[in-house]
Amino acid sequence: MNETALALIELGAVLFTLGMLGRVAARFGMSPIPLYLLGGLAFGQGGLVELGAANEFGHIAGEIGVVLLLLLLGLEYTAAELVTGLRRSWAAGLVDLVANATPGAVVALLLGWGITGAITLAGVTYISSSGIVAKVLNDLGRLGNRETPVILSILVFEDLAMAMYLPILTAILAGTSLLSGLTVLGLALATVTVVLVVALRYGRYVSAIVDSADREVFLLKLLGAALLVAGLASTLNVSAAVGAFLLGIAISGSTAREATKLLEPIRDLFAAIFFRGLRVQHRSAGHSAGARLGDPPRGRHRAHQARHRLVGGESAGYPPDGPGAGGRGTGRAR
């Protein structure tokens, strides 16, 4: 059997299985995410069915799923609502930081992983999964609830905190100079500032650029803009998902409403693939992590791997497999 035919069969089997699991979840009035995650146990490395040809597509599709989840979440709110929410909820964001990062740091110190391990595990236990939160809010019909803006504000606060945290962690793991770490941190902060300014002050121009009366052209420009912003944000050490979320915030009015109608079916398809892939990606990361957190740094390559896994874990929401894991599973962002 040729590779193309095998990839189509594997992908078809995965999508059909996810569709059946979604139907079961709907019958019980629950979010399909838990069943998607369980379904992931059946496919891929260590599962009942090994996937080969469809793996690469599944990884990229999962990344697109996270971007679309956060893009559509951003489309539900305006820039003014975001700013107001952050001003009102900054104290809650600090409580969230202390309450969730502290246990990870304490456990790492008790296990003897040292300061580097404590800093890493604190980030693991602190960050939430933007993809899962966005999906659950939508599935349970809670986007219009009074508490949802506060939840989203804390979610954005976490992503902005990670924009500062990841460059620092990368510098520590790579053993680079303080100046180098501060340079990367400054670049990340500048990127976040630029994206926020564009979203808050020039959102109407963003809407005008992506808008089109032709649905095909509108879809291509909208999806292209989302992937561009997410990719550039990730390249500059900022969460790809927070870039997509802020793009959604920047798009407003009738453009946002039409974008939501157009993207919802595509989001659901790619999001299902993303949740199916979390278990596989986490397992792969666990097998490939080769050094203890407390060991001396061995160069930029290890730092890049650890950072990539932690960014992915931001979506996956999983802890490391143990002392030998350098971070979370490979995969997102918020």
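Reader: What percentage of the residues count as buried?

Author: Of the 334 residues of the protein, 46% count as buried. Buried means under 20% relative accessible area, exposed over 50%, and partly exposed in between, with a 1.4 Å probe and protein chains only. This is a predicted model, where local features need pLDDT of at least 70, side-chain atom pairs count only at pLDDT 80 or more, and totals for chains, interfaces and linings use all residues. Residues are numbered from 1 along each chain as its sequence is written, and side-chain values use heavy atoms, with hydrogens and water left out.

Reader: How many helices and strands does the protein have?

Author: There are 13 helices and 0 strands. Helices (H or I, at least four residues) and strands (E, at least two) are DSSP runs, numbered from the N terminus.

Reader: Ok, cavities. How many are there of 30 Å³ or more?

Author: The count is 5. A cavity is a set of points, on a 1 Å grid over the protein atoms alone, where a 1.4 Å probe fits but cannot get out; lining residues have an atom within 4 Å of a point. The largest cavity holds about 70 Å³, a volume being the space filled by probe spheres set on the points, which are joined across faces, edges and corners.

Reader: Which elements give two or more residues to the lining of the largest cavity?

Author: Helix H3 (55–75), helix H6 (130–139) and helix H12 (253–288) do. Among the lining residues are Leu69, Ala134 and Arg267.

Reader: And how does that lining divide into nonpolar, polar and charged?

Author: Into 5 nonpolar, 2 polar and 3 charged. Ala, Val, Leu, Ile, Met, Phe, Trp, Tyr, Cys and Pro count as nonpolar, Asp, Glu, Lys and Arg as charged, and the others, Gly among them, as polar.

Reader: New topic. Is serine 153 buried or exposed?

Author: Serine 153 has 4% relative accessibility, so it counts as buried. It lies in helix H7 (residues 148–174).

Reader: What does serine 153 touch?

Author: Leaving out residues up to four places away in sequence, serine 153 touches Gly85, Leu86 and Ser89. Contact means heavy atoms within 4.5 Å.

Reader: Last one: how many aromatic pairs?

Author: The structure holds 1. The rings of tyrosine 202 and tyrosine 205 have centres 6.3 Å apart and planes at 35°, so the pair is tilted. Rings of Phe, Tyr and Trp (its six-membered ring) pair if their centres lie within 6.5 Å; planes under 30 degrees apart count as stacked, over 60 as edge-to-face and the rest as tilted.

Terms used
1 Å grid on protein atoms, 1.4 Å probe; cavity = no way out; pocket = protein on both sides within 12 Å on 5 of 7 lines; lining within 4 Å.
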